[in-house]
Amino acid sequence: MKDANRLVGTSWIVSLILLAAACGAPGDAAPGGGAPMALDLTLDNIHRNNTGARGVSISPDGGYLAISGSGPEGAGLYLAARGEGGGFGPPRFWLQGSNAAWSPGGDRIAFAAGGQIRVADVGDVEARPAMEAMEGVRAPVFSPDGRMIAFYSTASGHQDIWLVPADGSAPPRQLTEAAMALDDPRFAPAWRPDGREILYVSNASDYWHDDLWLVDVETGDRRQLARTLMAMSTPVWSPEGDRIAVFGTAKDEYWYEDLSYIYVIEDLEAGAGASERIVDMQVHATDAAMRHAPSWSADGAFIYFPYLERGTVNVWAVPATGGVATRVTHMEGTISSVSHTAGAGTLAFVHSSPTRGGEAYAVDLVGGIPERLTSFSPSWRTVAAPREIAFPSFDGLRIQGFLYRPPQLEEGATCPALVQVHGGGTNSYQQGLNLTEQYLASKGFVVLAINYRGGSGFGREFQDLSVEDWLWDQARDAGAAADFLRTLPYVNGKVGIYGGSYGGSMSLSAISLTPDRFDAAVPMRGAYSKLNTLEYTDRLGKIFSITGHGGTPEERPDTYAKSNVVSRIGDITAPVLLMHGELDRRVPIQNFENAVAEFERLGKSVEVKTYPDEAHGFRNPDNRVDTWSRLEEFFTRHLGACATG
C-alpha cells in the first residue's frame, strides 16, 4: 500500500492513542466532536439526513473499535483506539466500508463491498480487493491464523461458503455445496479455533430445518452436528473450541422470533453424536430476527446475550452451565448491535433512546457505566419521549402502548388519533428513536404504538397467545387501543390505523374485525391472505407462515381462515390506502393484488400506490418520503386536524 493511502502513516494511530491517554475515556456528553447538529423533524431530514452509528466491531484484543454508520465526516467506517488509561479515544473516519470483521491479530479488517471481499490494514484509507467480484458476497470471517477468509456467495445458486487467501494470492474456492437456500442470507461462517473446520447453519437435511453442520476446510467433508434445534443466530465457539453456543428454538415447538433459548452443544467428537443442551435460566435470549448472537467470557464460564423486556433491550450474562441470568447493562432504550470477543474485556454496542439515534457505547466487563463514544446522531427539534401506558383489551388483558402527543397541543384542543401496529407479529415495538411516530405527532396526530399479544418482551406465555391465532385476537387488541384513545380528552373521536409488513396485515384485519373502531387505515406491505401467496414468498416467510399457522393451508384450513383478511373485506367501512413494493419477496405483490381485486369486486373504493423498484424494506429515500407524505395527507383528509377548544 502506498504511503498516500495511509492516514499519515502510523503517526495517526500514535497520536490517537496519545490523545485517548491524555483525555481519558469519553463520557456521555458529546464525545468526539462537540454538540450534534440539530435538525427539524421533516420527512426529508428523517429519510435523507438521519445519521448515526449502525454497527460496531471490537478487535480480538480490545485494542480497537470499528464503528460503521454516518458520522461527521460522512458514511463509512470510523476507528477508535484504546488509550493507555483503558478508555477509547474519539473515533476518526477511517475508510468507505461497513460491517468490519477483524483479523486475529487486530491489525486488519475485511468487509464485503461491490461483490468483493476487501481487506485494509489499520491506518489504511483504502481497502484492497482480495478477489474478483462475485454474486451475493457477504459475511467475511478471518481464519484463526489470519491467512484465509471464509465468506458467503450465491455464485453457486445457493448460499455457499467460499475461501480466499487474505492476501488475494489465489482465486476463491467453493467449500460447501447447497448449504442454504438462495434467498436466506441470515448466517455467517464460524471458524473452529484450531482452523480445521468451519461451523455453519444449513438446511441441507431438510428445507424446513436450520441445522448446525461442520465442514473440513481441507477435504470439504461435512457432518451434521445438531438435529433437534432450529438455529436463530450464527453459532459461536467457546475459547477452547470444545463447545458451541447458539440461539435457537426447539423443532417440536413454535418457531419463536426474538425469544430464543441459548443452546450449548457439547461432546462434539462423541460417536453417538453431540449433545444439545438448553441453558436453564429465568429469561430468554433475544435474537432480534437473527441479528444478534451470543458470546463467551474469556474463561468460557459465562455467556453474554441481549434480552428484550417491555420494549427495552439490555445485555445480560448467564453461567454456561445454567443458572440465574443477570444484567450487564442497565439502560433505557434499545440495543441494535453487540460486539464482544473473549479476549477484549470490553463489550461494545449501538444504543438508541426515544430521543436519540444510534450511538456507539463500550462497557468494561469488570463493571461500570457504559460510555458513549460517538456523537453521530443529530438532535431532533420537538422530539420528546413518549409516555408508556397500558390499556385493557377486549378480554381484560393489559396491552402496553407508547403514547405520542402533539408538541403544540394547547389546553382544550382536540386532535385526531392513530394506532400504530408494529411489523413481525412475534417481534415488538421498541423504545428506540421512532421518528415516524414523532413526525406524525408533530403534525397534529395523537399516536399510540401498541405491543399487541403474541409479541416478544413479555414472556413466553404472552407470546404464545398468537400461536395459530394470527390476525384475530391481535387485531382486536388494536380495536381496544382505538377505544382507549377515544377516552382521552384531547382526541377528537377520529381514529386511524397504520403499519407495515405484519403491521400492514394487522391494519387491514383490525378494520375488518372491528369496523366501528376506525375511521381510516393505511396498510403497507402486508400479507392479507396466505392461501394464495405462500408459494411466492421467500424461505424465511414460508417458515414463519407455516409454523405460525401450525401447518400448511391443507393441514390447517381453520387457522388460515382466521388470517385470510381478504375474505373479510366486505365488512370494512373505513377508507383505505394500500401501498406495496412490486419486488417484495417476503410479502409478495400478489397480496396487494388480491386485496385490490376483492375491493373492486365488492364495489368498494380503495386508494392504491405501488413502487416498481422496491422490495420489502424500502431503500430509496424518495420512495420513503413519498410513502409517508401520502399517509399523512390521507389521514389529514379523513380524520381532520387539531381544533382549539
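**Entry 1: helix α6**

I listed the buried residues of α6 and found Tyr502, Gly503, Gly504, Ser505, Met506, Ser507, Leu508, Ser509, Ala510, Ile511 and Ser512. I note here that the model is a predicted one. The helix covers residues 502-513, which makes 12 residues.

I then looked up the span of α6. From its first C-alpha to its last it reaches 16 Å, close to the 16 Å expected at 1.5 Å a residue.

What covers the buried residues of α6? I found both strands and helices in the list, which includes β34 (415-421), β36 (491-500) and β37 (520-524), as well as α5 (473-486), α7 (539-549) and α9 (590-601).

**Entry 2: helix α5**

I turned to α5, one of the elements that cover α6. Helix α5 has 14 residues. Its first and last C-alpha atoms are 20 Å apart, close to the 20 Å expected at 1.5 Å a residue.

I checked burial in α5 as well. Because 11 of its 14 residues are buried, α5 is largely enclosed by the rest of the structure. The buried residues are Asp473, Gln474, Ala475, Asp477, Ala478, Gly479, Ala480, Ala481, Ala482, Phe484 and Leu485. I found that they pack against β32 (387-392), β33 (398-404), β34, β35 (446-451), β36 and α6.

**Entry 3: how α5 meets α6**

Two packed helices are described by the angle between their axes and the distance between the axes. I looked up both values for α5 and α6: the angle is about 70° and the axes are 8 Å apart. An angle of 65 to 115 degrees counts as roughly perpendicular, and α5 and α6 are therefore roughly perpendicular to each other.

Which residues of α5 meet α6? I found Gln474, Ala475 and Ala478 on the α5 side, and they meet Tyr502, Met506, Ser509, Ala510 and Leu513 of α6. I sorted the residues of this contact by class and got 6 nonpolar, 2 polar and no charged.

Strand β36 is mostly covered, with 7 of its 10 residues buried.

How do β34 and β36 run, parallel or antiparallel? I found them parallel, joined by 5 bridges. One of the pairs I looked up is cysteine 415, with valine 491 of β36 as its bridge partner. I also found 5 bridges between β36 and β37, and these strands run parallel. Here glycine 496 has alanine 520 in β37 as its bridge partner.

**Entry 4: sheet β14 to β17**

I looked at an open sheet of 4 strands, ordered β14-β15-β16-β17, with antiparallel pairing. Its edge strands are β14 (190-191) and β17 (222-224), each pairing on one side only. Strands β15 (residues 197-202) and β16 (residues 211-216) pair over 6 bridges in the antiparallel sense. I noted that isoleucine 198 has valine 215 in β16 as its bridge partner.

**Entry 5: sheet β27 to β30**

I looked up another open sheet of 4 strands, with the order β27-β28-β29-β30 and antiparallel pairing. Which strands are the edge strands? They are β27 (334-339) and β30 (371-372), and each pairs on one side only. Strand β29 (residues 356-364) is joined to β30 by 2 bridges, and the two run antiparallel. I found tyrosine 361 opposite arginine 372 in β30.

Definitions and conventions: Residues are numbered from 1 along each chain as its sequence is written. This is a predicted model: local features need pLDDT of at least 70, side-chain atom pairs count only at pLDDT 80 or more; totals for chains, interfaces and linings use all residues. Side-chain values use heavy atoms; hydrogens and water are left out. The expected span of a helix is 1.5 Å times one less than its number of residues. Buried means under 20% relative accessible area, exposed over 50%, partly exposed in between (1.4 Å probe, protein chains only). Contact means heavy atoms within 4.5 Å. Axes are lines fitted to C-alpha atoms, for helices over the stretch in contact, and angles run from 0 to 180 degrees between N-to-C directions. Angles under 35 degrees count as roughly parallel, over 145 as roughly antiparallel, 65 to 115 as roughly perpendicular and the rest as oblique. Ala, Val, Leu, Ile, Met, Phe, Trp, Tyr, Cys and Pro count as nonpolar, Asp, Glu, Lys and Arg as charged, and the others, Gly among them, as polar. Two strands pair if DSSP finds at least two bridges between them.
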